[in-house]
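Thanks for coming. I have one structure to go through today, and I will keep it short. Please have a look at it before I start.

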Amino acid sequence: MSIISNDINKAIEVLLQDEVIGFPTETVYGLAGNIFSEKAIDKIYSIKKRPSFNPLIVHLHSVHKLSAIAKNIPDIATELAKKFWPGPLTLILEKQENISCKITANKNTVAVRIPNHPKALSLLQKIPFPLAAPSANPFKSVSPTSAQHVYHYFKNDISFILDGGNCESGIESTIIGFKNEKPLLYRHGAVSIESIEKIAGKVSIITNNETNPDAPGMLLKHYSPKTKLILTENIFETIENNRHQKIGLITFYKEIISSSVQHQIILSKNKNLEEAARNLFAALIELDEMNIDMIIAERFPEESLGRSINDRLTRAAF
Ligand code: TXA
Ligand code: MG
């Protein structure tokens, strides 16, 4: 029997045994376990080969459960939650005492969100605990946007993947924390900074490096296919410079005719940034499976979700 299934009751059964499952959300698939099960949390870290300094996101089904997870919630956080939950926004808040330091990697803050996916919400409603879930990919690789991607990564390391179809956003949640009640961006994601700023005012961007203890997840190399990736502003020149290589090409909306390009993926023929974000990770995973020497990706306009796409491609190319 395939481990990919629509059966929510089976997902519950596996979770109640302190096991982890592949779990659909609107952003990317997660590797999910009971936040109160030490065994499940340990498994998440070991299956993903994730370093213990990198904390997990807690997934809830209702804002009424938030006070059990976090305290001293800034007013702006409440406003953002009202506007964007359920949805692809993660808030970093002061943690409640009973939240294990394994989930928070010993920090006194916890990351939390309500995913906007009918299967995820229905599952979360039926279980008596929230789910901790990082993206369901091995450390540093491209996040999965389908149940098949999760299987491709973990095969039989997990016993169950709840199938929720292809992810609607296709890029991870935007992460916002607070310093002196002022919003700080920890990760570009599926909610644009522009729409956050409409609610929260000016958002500062947290220092982007690997040694900042406040931002353990801001790895310079991340979202990386195995194949070398070049991010470019001048697609024709980069193709020409690499004309003796077998090239896989990712563009926003243009079709490029070139004999060096073995395979091209256009992320959105309609020039729509949301559609491009939805297709980005699947394109990287697909090209990575082909017999090519390199992936060349076009830099996106630095606005709205174009910034989130550029963030992922920059780290993929690092
Ligand atoms: O869209 C998403 O957010 C997906 C789906 C499954 O919900 N999850 C996801 O999780 O992307 P993950 O673990 O791949 O990325 C979570 C990021 C990590 O970079 C982690 O370092 C950061 O959130 N994070 C979690 N808790 C934090 C905290 N207390 N302080 C700072 N960063 C935190
Ligand atoms: Mg991840």
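I will start with the ligand and its surroundings, then turn to a few points in the backbone.

Please keep in mind that this is a predicted model.

So, the ligand. Where does ligand 1 sit? Ligand 1 sits in the largest cavity. There are 25 residues around ligand 1, and those that come nearest are Thr-27, Arg-50, Asn-54, His-59 and Ser-173.

Two of these names come back when we look at polar atoms. In the side chain of Ser-173, an N or O atom is 2.5 Å from an oxygen atom of ligand 1. For His-59, the distance from a side-chain N or O atom to an oxygen atom of the ligand is 2.7 Å. On the nitrogen side, a nitrogen atom of ligand 1 has a polar side-chain atom of Thr-109 at 3.0 Å. As for cover, ligand 1 taken alone exposes 680 Å², and the protein buries 97% of that.

What is the shell around ligand 1 made of? By residue class, the shell has 11 nonpolar, 8 polar and 6 charged residues. By element, strand 4, at 57–59, strand 7, at 109–113, and strand 11, at 182–187, each supply at least two residues. Which strand gives the most? Strand 7 does, with 3 residues.

Now the backbone. Most residues other than glycine have a negative phi, and most peptide bonds are trans. Here are some exceptions.

The peptide bond from Trp-85 to Pro-86 is cis, and its omega is near -10°. Pro-86 is in the loop that runs between helix 3, residues 75–84, and strand 6, residues 89–95.

Then there are two positive phi values in residues other than glycine. Lys-49 has a phi near 55°, and Lys-49 lies in the loop between helix 2 and strand 4. Tyr-223 has a phi near 50°, and its place is the loop between strand 12, at 204–205, and strand 13, at 228–232.

Are these two buried or exposed? Lys-49 has a relative accessibility of 66%, so it counts as exposed, the cut-off being over 50%. Tyr-223 has a relative accessible area of 4%, which is under 20%, so Tyr-223 is buried.

Ile-47 is in helix 2, residues 38–48. Its relative accessible area is 12%, again under 20%, so Ile-47 is buried. Glu-240 is 193 residues from Ile-47 along the chain, and their C-alpha atoms are separated by 41 Å.

That is what I have.

Technical notes
Residues numbered from 1 in each chain as written. Chains lettered and ligands numbered in written order. Predicted model: local features only at pLDDT ≥ 70, side-chain atom pairs only at ≥ 80, totals over all residues. Heavy atoms only, no water. Near = heavy atom within 4 Å. Polar contact = N/O pair within 3.5 Å; in protein donor to acceptor, adjacent residues only side chain to side chain. Areas by Shrake-Rupley, 256 points an atom, 1.4 Å probe, with all protein chains shown as cover. 1 Å grid on protein atoms, 1.4 Å probe; cavity = no way out; pocket = protein on both sides within 12 Å on 5 of 7 lines; lining within 4 Å. Sits in = over half its atoms within 2 Å of the grid points. Helix = DSSP H or I, 4+ residues; strand = E, 2+ residues; numbered from the N terminus. Nonpolar A, V, L, I, M, F, W, Y, C, P; charged D, E, K, R; others polar. Buried < 20%, exposed > 50% of the residue type's maximum accessible area, 1.4 Å probe, protein only.
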